[in-house]
Amino acid sequence: MNLTQPESLKTDLTTWIIGPYHGSLPAPMRLSLSLDGEMISDCHVETGFLHRGLEKSCELHSWKAAVAYSDHLDPECAIFGELVLCLAVEQLSELEVPERAQSIRVILSELARISGHLSFMVRMAKAVGSETIIHYLLRDRERILDLFELLTGARFSLNFLRFGGVSADVTDGFIERVLEVCELIRIRMKEYNDLFTFNFGFLKRTAQVVPISKRLVLASGMTGPNARASGIELDVRKKFPYSGYSKLDFSVPVGRGDSGILGDVHDRFLIRLREITESMEILKQLLDVVPSGEYLNRKFKRDFVVPAGEAYARVESSRGLLGCHVVSDGGPTPSRVQFRTPTVANLMAIPQVVRGIRIEDLPVVLASLDLGIAEADR
Amino acid sequence: MDKNLIVTKINKAVQGAVLEVRRFGRSDTRSIWVEAQSIQKVAKILRTDPELSLDWLENLSVVELSDALVISYFLQSTQGTQPEVILRASVVPDSPTSPVKLPTIQTIWPMGIPMEREAREMFGIQFETSPQDDDADVEFDFESSPSLCLPSGLSGFPLRKKFNK
């Protein structure tokens with residue numbers, strides 16, 4: 001029993017089981033909580049309710065179908081699953097990606113990052129009970145989904161990348177529309193700041209609430225915005241650059257403890273808001289100079305065979321480090337496709353993070369961790 | 001940076017543990033193949049030696065190649081003392097459907113807990129603890145970490161090649 005706050009009620013422990021489906025949970029999972037009055041004294045997390053056998057499915061179908069399956073790794077930000085698989089296969093096949101295709105990939109990745117962070121803000125708004133803001137955020141996110149539809153024909157499962165490039169060139173007016181959306185979100189940032197960052201009610205629920213220490217981040221293997229909010233400057237785009245990120249000028253926001261404690265819920269929120277701004281900077285740089293040329297390496301044909309061997313690639317998804325280990329025996333189907341997803345580490349940190357907090361803070365803390373159960377369960 | 005430093009250190013601490021050092025795929029990353037039952041001792045050296053300090057387990061992947069299960073630990077140093085390294089070992093199960101045993105690394109790299117659990121459920125690798133595990137390097141509550149839940153009554157290991165065939 002962990003009595004970390006003086007107002008502990010010292011009642012008998014009660015057990016609450018929340019989930020697998022519950023309004024305060026971001027996705028199917030089950031939490032078994034021990035409560036001492038309003039304080040959480042212990043927590044156990046069960047996952048696996050969304051297990052689809054995704055890695056096994058990749059082994060049973062062709063290499064090209066694996067791209068479509070990896071799309072479903074994280075339905076909110078499908079492009080990252082596709083990208084990491086394509087990068088691994090291209091590394092294995094020594095298949096070069098034309099510069100134009102790389103730029104299109106980065107444009108889609110950054111749009112997906114903004115879309116993912118807006119979804120995160122929707123869940124935060126829901127957790128703190130600010131229902132009105134949800135509609136504002138979804139309205140802006142729709143504009144990004146419109147861009148996906150314009151380019152790929154789909155809003156969520158894009159299935160747009162191919163080994164050696166992308167499946168189609170940018171359509172007329174796409175670049176101008178992306179710039180319009182960037183400008184729109186830039187204007188909206190003031191609105192988000194008013195509604196969230198400087199809002200008294202939001203600060204009350206998030207500032208100095210449940211900080212995550214650097215030590216816990218390292219022990220649990222957390223990456224992405226959650227790790228950066230706690231002061232760990234790890235970004236795959238900088239440390240292991242891919243798809244031309246090394247040529248782009250952008251900074252990696254790191255938690256500053258603006259509300260008094262480093263790595264609290266408010267820091268985890270702010271880091272994403274600042275990342276949206278950085279993503280727009282990246283997009284503006286790219287859109288100024290989209291290189292001309294092919295959008296797909298012409299070596300990639302219908303009878304493309306992935307040579308025997310193995311490779312490991314990683315990308316910075318909106319939730320953190322997403323890795324992919326592929327193994328080929330030279331046959332028509334993958335021998336193994338394994339994903340390393342960031343949410344697994346975030347889930348692992350939950351019991352340590354929520355112990356000693358009030359039950360009313362639980363939905364806010366869960367939302368602040370940005371859990372993508374689909375990618376954890378696979 | 002001495003490229004053979006890791007191998008020298010491992011060999012000094014656990015004689016005969018290193019079987020082979022190879023390039024990983026077509027990349028420049030090195031993969032160090034070690035004897036499976038010595039994996040925990042090797043892991044401890046890699047993590048605790050101040051010159052190596054490979055303290056971050058990025059990924060744990062299991063692949064079934066012909067009869068063997070190959071387990072790969074993708075390691076990095078957060079202090080930048082070493083470039084990334086892949087530690088590998090292989091075990092051969094008695095039959096295509098029987099479980100195998102390996103020493104656990106979860107007290108050395110706690111972030112490996114969910115990864116080991118997944119390897120156990122999907123590939124039937126039972127990670128065994130030993131008495132010296134009580135002397136964990138990192139404080140962590142191992143009991144409360146999340147669990148997967150395969151459907152009850154499911155027998156076999158779904159990611160094995162011979163599953164359901």
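This is a predicted model: local features need pLDDT of at least 70, side-chain atom pairs count only at pLDDT 80 or more; totals for chains, interfaces and linings use all residues.
Two strands pair if DSSP finds at least two bridges between them.

β3(B) and β4(B) run antiparallel to each other, and 9 bridges join them. One position to look at is B:W56, which sits opposite B:Q76 in β4(B). The two strands form a hairpin with 2 residues between them. In that hairpin, B:S66 has a positive phi, near 45 degrees.

How many of the 10 residues of β3(B) are buried? The count is 9, so the strand is largely enclosed by the rest of the structure.

Now widen the view to the sheet. It is open, has 5 strands, and is ordered β1-β2-β5-β4-β3 in chain B. The pairing is mixed. Which strands stand at the edges? Those are β1 (18–23) and β3 (56–65) of chain B. Each has a single partner strand, so one side of each is left without a neighbour in the sheet. On average, neighbouring strands of this sheet are turned by 20 degrees against each other, direction ignored.

For the parallel sense, take β2 (residues 30–34) and β5 (residues 85–91) of chain B, paired over 4 bridges. There, B:S31 has B:I86 of β5(B) as its bridge partner.

Next, the helices on the sheet. Helix α1 of chain B, residues 5–13, packs on it and touches β1, β2 and β5 of chain B. Its direction makes about 170 degrees with that of β1(B). Helix α3 of chain B, residues 113–123, also packs on the sheet, touching β3 and β4 (68–76) of chain B. Here the angle between the direction of the helix and that of β3(B) is about 10 degrees.

Chain B as a whole, then. It has 3 helices and 7 strands. Along the sequence the pattern reads α-β-β-α-β-β-β-β-α-β. Of its 165 residues, 38% are buried. Take the contacts in chain B between residues at least 6 apart in sequence: 60% of them join residues at least 24 apart.

On to where the chains meet. Chain A puts 33 residues into the contact, and chain B puts in 27. Which element gives the largest share of chain A's side? That is α12(A), with 6 residues. Other elements of chain A supply at least two residues each, including β3 (39–46), α3 (78–93), β7 (321–328) and β8 (336–340). By type, the side of chain A that touches chain B has 13 nonpolar, 12 polar and 8 charged residues.

Last stop, the core. The largest nonpolar core holds 151 residues. Those touching the most other members are A:V84, A:L85, A:A88, A:V89, A:V365, B:L75 and B:L87. Helix α4 of chain A, residues 99–128, gives the most to this core, with 15 residues.

Let me pick A:L85 from that list. Setting aside neighbours within four places in sequence, A:L85 is in contact with A:A66, A:V67, A:S70, A:C324 and A:V337. What about helix α2 of chain A, residues 63–71: which of its residues are buried? They are A:W63, A:A66, A:V67, A:Y69, A:S70 and A:D71. The buried residues of α2(A) pack against α1, α3, β4 (161–162) and β8 of chain A.

That's the tour. Over to you.

Key:
Residues are numbered from 1 along each chain as its sequence is written. Chains are lettered from A and ligands numbered from 1 in the order in which they are written. A nonpolar core is a set of buried Ala, Val, Leu, Ile, Met, Phe, Trp, Tyr and Cys residues joined through C-beta atoms within 7 Å. A residue is buried if 20 or more other C-beta atoms lie within 10 Å of its own, exposed if 12 or fewer, and partly exposed in between; C-beta atoms are placed from the backbone. Two residues are in contact if their C-beta atoms, placed from the backbone, lie within 7 Å. Ala, Val, Leu, Ile, Met, Phe, Trp, Tyr, Cys and Pro count as nonpolar, Asp, Glu, Lys and Arg as charged, and the others, Gly among them, as polar. Axes are lines fitted to C-alpha atoms, for helices over the stretch in contact, and angles run from 0 to 180 degrees between N-to-C directions.
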